[in-house]
Amino acid sequence: MDGYQFRCLVNLQNGVQIPSGVATLTVRVKTAITTQPVDANVIEGDTATFTVEATGSGELSYQWQESTDGDTWTDIDGATSASYTVPAATMEMDGHRYRCVVTGAGGEAASNAATLSVTAAVFKISASPEALDFGSAYV
């Protein structure tokens, strides 16, 4: 029925009909998250990617948010697509939650929160190894 046009005809007692202006019906599909982001487990220094899928009327816009407690959410600057990649994860980011707010002509929908779990790296090589010279001795 989207796009249908309607008008009202008023019939006067003298047989004259007076039409109203035309009204066009616009049907909007409610914005909804169809695929939720999932928790991510990474090693310190790695990246993690969260993704959502959504449906709704009109052009959909995306805004990823981060929370340290699950109650207070902060927009992440520049995170405005269906996927968000957390840059090199730090141990301080362990337990942070991420969600996406999707907005369209049919309103706004927030995804479920996905949790980032960061595991400490067992070891890190901070420089290239030096060349080792064992001489010409045989063992």
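In strand 10, D75 is the bridge partner of Q65. Strands here are DSSP runs (E, at least two residues), numbered from the N terminus. The model is predicted: local features need pLDDT of at least 70, side-chain atom pairs count only at pLDDT 80 or more, and totals for chains, interfaces and linings use all residues. Residues are numbered from 1 along each chain as its sequence is written, and side-chain values use heavy atoms, without hydrogens or water.

Strand 9 pairs with two strands, as tabulated; pairing requires at least two DSSP bridges.

| Pair | Sense | Bridges |
|---|---|---|
| Strand 9 and strand 12 | antiparallel | 7 |
| Strand 9 and strand 10 (residues 74-75) | antiparallel | 2 |

S67 stands opposite R97 in strand 12. The hairpin of strand 9 and strand 10 has 6 residues between the strands, and G70 there takes a positive phi near 85°. Strand 9 is mostly covered, with 5 of its 7 residues buried. Buried means under 20% relative accessible area, exposed over 50%, partly exposed in between (1.4 Å probe, protein chains only).

The largest nonpolar core has 23 residues; F50, W64, V86, Y98 and L116 touch the most other members. Strands supplying at least two residues of this core include strand 9 (61-67) and strand 12 (97-104). Such a core joins buried Ala, Val, Leu, Ile, Met, Phe, Trp, Tyr and Cys residues through side-chain atoms within 4.5 Å.

Now the cysteines. C100 is buried at 0% relative accessible area, while C8 is partly exposed at 44%. The structure holds 0 disulfides (cysteine sulfur pairs within 2.5 Å).

L25 lies in the loop between strand 4 (23-24) and strand 5 (32-35). L25 counts as partly exposed because its relative accessibility is 31%.

Conventions: Helix = DSSP H or I, 4+ residues; strand = E, 2+ residues; numbered from the N terminus.
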